[in-house]
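Dear colleague,

I am pleased to hand over the structure below for your records. Please find it here, followed by an account of what was found in it.

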Amino acid sequence: MDEVLVECAHMSCAYNSTLAIKNIDLTVRKGDFIGIVGPSGSGKTTLLKAILGSISPVEGHVTKKPQLRMGYVPQVETVDWNFPVTVLEVVVMTRSSTGHLPRVTKDERTDALLVLERLGLGGLENRHIRELSGGQQQRVFVARALFHQPELLVLDEPTSGVDVRTRHEVLHLLADLHDEGVSIILSTHDLNGLAAHLPRLVCLNSEIIADGSPVEVLTPEVLEQTFGAPMGVLIHGGMPVVVDGVGADIAKRMSRLD
Amino acid sequence: MSFVFAGLLTPFRYEFFNNGIIVATIAGALCGLLGVFVVLRGMSYIGHGLSHAVFGGAAASAVMNVNYFVGAGVWGVASGVIIGRIARRRLIGADAAIGVVTTASFALGLALLNRYGQAKKSIEAVLFGSVLGVQTIDIVAVSAVAILSVIVVVALYRAFLFATFDPEVAQVSGVRVAWIEALLMGLLSLTILVTMRVIGTLLISALLVIPASVARMLTNSFARMLWISPVIGAVSAFTGMYLSYFLDTSASATIILTGTLMFIVVYAATGLRGRTRISGLHHI
Ligand SMILES: Nc1ncnc2c1ncn2[C@@H]1O[C@H](COP(=O)(O)OP(=O)(O)OP(=O)(O)O)[C@@H](O)[C@H]1O
Ligand SMILES: [Mg+2]
């Protein structure tokens with residue numbers, strides 16, 4: 001078995017004494033590539049933050065490999081896009097323990113530009129973060145996380161609000177990083193576009209409903225229990241494709257209206 | 001011609017004016033520097049609250065015959081750190097709690113001055129500031145706090161930037177966010193303490209907000225804001241103080257009005273760009 005990076009045992013987390021997630025048992029090992037799926041408010045962000053250590057559990061515990069280097073890519077909705085920082089400033093920000101002065105050193109600059117280049121953000125280093133497209137904004141924060149050379153990359157909804165092409169680019173990038181040995185855990189709403197391609201999925205709805213490969217986890221029973229809505233699953237080329245259970249019915253009603 | 005020139009220089013013939021304009025200019029720069037953090041973190045209510053809390057300490061130390069800097073200093077730094085703590089936890093009603101505590105401190109100070117203070121005049125001086133009472137110790141104090149603030153902000157630049165932009169990720173990346181925040185609150189309290197005698201309780205929070213907002217309209221870079229804002233603060237303080245001599249108006253009010261005028265000019269000149277840049281600032 002591969003080395004354990006993070007282990008959550010019987011973990012519960014709360015905001016103002018209301019439990020957001022409860023009784024979570026989850027082990028992240030080196031080489032993992034995990035997707036967390038679940039409806040809005042199911043606790044995906046909370047779980048990722050507990051793994052990062054920015055919130056502490058009220059019950060149970062999280063143990064981490066000592067000195068584990070993690071990179072975090074926040075949900076874009078939570079970023080203050082008006083804050084006066086350029087792309088380069090965001091990327092080098094994480095080196096606050098070594099870099100003290102406002103000046104970006106030559107080495108830092110070279111390293112940062114390499115990361116930006118790799119993410120297709122070459123030439124944008126002096127742009128204000130708001131003057132970018134949604135996909136570019138997303139990748140700036142991936143760049144910041146990578147600049148830190150993480151062993152575990154934590155991404156909160158990395159493909160929300162981006163088009164199909166950008167989503168493919170993000171997927172390819174993550175696959176490349178995974179090949180290079182970076183372990184990844186991410187949350188997503190995109191069952192077919194992202195989750196179904198990952199080796200391991202965790203279905204979350206305050207509690208873990210299921211944990212396994214897409215074929216094991218993406219079943220009508222598990223999905224209904226997770227999302228509280230009827231869903232169908234087709235198998236297409238050996239891969240599960242989730243279809244909205246309400247589709248046919250709604251279409252019939254809509255067409256009757258006109 | 002030389003007559004007009006000599007006329008323009010008259011105020012500088014008075015020592016009290018020279019002391020006052022030195023303190024005011026340094027105070028403007030200092031408030032401009034720390035105001036960057038106040039504005040970007042949307043905590044202008046903290047500047048307001050702190051100045052009211054320090055007023056209580058100032059009044060108490062006057063009544064008890066304790067040195068102003070010692071009495072108000074201890075009181076101010078203590079309330080600064082406590083306010084920072086309350087605000088950080090983001091509890092429901094944190095704003096209200098801060099408001100109640102600092103207003104109570106203010107009211108207590110007022111009552112103490114009414115009951116035991118000398119005259120109405122001293123109350124007015126604390127509320128609106130006064131150039132007349134400025135002493136060498138004020139120049140020393142404001143310079144010391146300014147130098148300290150510059151050293152701290154430059155030496156811990158990245159940590160300050162990270163903790164301001166993204167406290168949660170900063171925390172997990174090894175920045176001691178709580179410590180940085182306490183440091184910032186401490187510096188803010190000290191700033192209010194050393195500038196209050198000139199600017200007055202009621203107008204300090206404006207001096208913390210206006211230069212930084214003007215700087216924000218002028219640039220998209222945090223690093224540049226950190227020097228533009230102090231320059232604007234210093235220029236408005238110097239100009240306002242100078243004009244107040246001729247207009248025979250309150251120095252602090254004239255300083256704030258000068259700053260406001262700069263705000264309006266920059267707002268108009270930068271147009272839509274400036275407006276979108278400050279649209280994201282909370283509570284200015
Ligand atoms: N700062 C907070 N204070 C109070 N409650 C919170 C806070 N953040 C989240 N919650 C609550 O905790 C629960 C889980 O929220 P979380 O953000 O983890 O969900 P999520 O799965 O990430 O949702 P989304 O898909 O919309 O991002 C929700 O009920 C939410 O209302
Ligand atoms: Mg979320």
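The notes that follow take the ligand sites, then the hairpins, and then individual residues.

This is a predicted model, in which local features need pLDDT of at least 70, side-chain atom pairs count only at pLDDT 80 or more, and totals for chains, interfaces and linings use all residues. Residues are numbered from 1 along each chain as its sequence is written, chains are lettered from A and ligands numbered from 1 in the order in which they are written, and side-chain values use heavy atoms, with hydrogens and water left out.

Ligand 1

The shell around ligand 1 holds 13 residues, and the closest are A:Ser40, A:Lys44, A:Thr45, A:Thr46 and A:His189; a residue is near a molecule or strand if one of its heavy atoms lies within 4 Å of it. By class, the shell divides into 3 nonpolar, 8 polar and 2 charged residues. Here Ala, Val, Leu, Ile, Met, Phe, Trp, Tyr, Cys and Pro count as nonpolar, Asp, Glu, Lys and Arg as charged, and the others, Gly among them, as polar. Helix α1 (residues 44-52) of chain A supplies the largest share of this shell, 3 residues. Helices (H or I, at least four residues) and strands (E, at least two) are DSSP runs, numbered from the N terminus.

Polar contacts are pairs of N or O atoms within 3.5 Å; within protein, one must be able to donate a hydrogen and the other to accept it, and residues adjacent in sequence count only if both atoms are side-chain atoms. A polar backbone atom of A:Ser42 is 3.3 Å from an oxygen atom of ligand 1, and a polar backbone atom of A:Gly43 is 3.0 Å from an oxygen atom of the ligand. A:Thr45 contributes a polar side-chain atom, which lies 2.6 Å from an oxygen atom of ligand 1. On its own, ligand 1 has 640 Å² of accessible area, of which the protein covers 59%. Accessible areas come from the Shrake-Rupley method with a 1.4 Å probe; for residues, only the protein chains shown count as cover.

The magnesium ion

Which residues coordinate the magnesium ion (ligand 2)? The ion is coordinated by A:Thr45 (OG1) and A:Gln75 (OE1), at 1.9 to 2.4 Å. A:Thr45 lies in helix α1 of chain A and A:Gln75 in the loop between β5 (70-73) and α2 (87-92) of chain A, so the pair ties together parts that are 30 residues apart in sequence. Donors are N, O and S atoms within 2.8 Å of the metal (3.2 Å for Na, K and Ca); water is not among the atoms, so the site may look incomplete. A:Thr45 is partly exposed because its relative accessibility is 22%, whereas A:Gln75, at 17%, counts as buried. Buried means under 20% relative accessible area, exposed over 50%, and partly exposed in between (1.4 Å probe, protein chains only).

Strands β8 (residues 200-205) and β9 (residues 207-212) of chain A pair in the antiparallel sense over 5 bridges; two strands pair if DSSP finds at least two bridges between them. A:Val202 stands opposite A:Asp211 in β9(A). The hairpin has 1 residue between the strands, and A:Ser206 takes a positive phi near 65°.

Strands β10 (residues 231-236) and β11 (residues 239-244) of chain A are also antiparallel, and pair over 6 bridges. A:Met231 stands opposite A:Asp244 in β11(A). In this hairpin 2 residues lie between the strands, and A:Gly237 in the turn has a positive phi of about 55°.

Backbone angles and individual residues

Most residues other than glycine have a negative phi. A:Gln149, in the loop between α4 (134-147) and β6 (152-156) of chain A, has a positive phi near 50°. A:Glu157, in the loop between β6 and α5 (164-179) of chain A, has a positive phi of about 50° although it is not a glycine. Is each of these two residues buried or exposed? A:Gln149 is exposed because its relative accessibility is 56%, while A:Glu157 is buried, with a relative accessible area of 7%.

A:Gly35 is found in strand β3 (residues 33-37) of chain A and counts as buried at 0% relative accessibility. Between A:Gly35 and A:Val233, 198 residues apart in sequence, the C-alpha to C-alpha distance is 18 Å.
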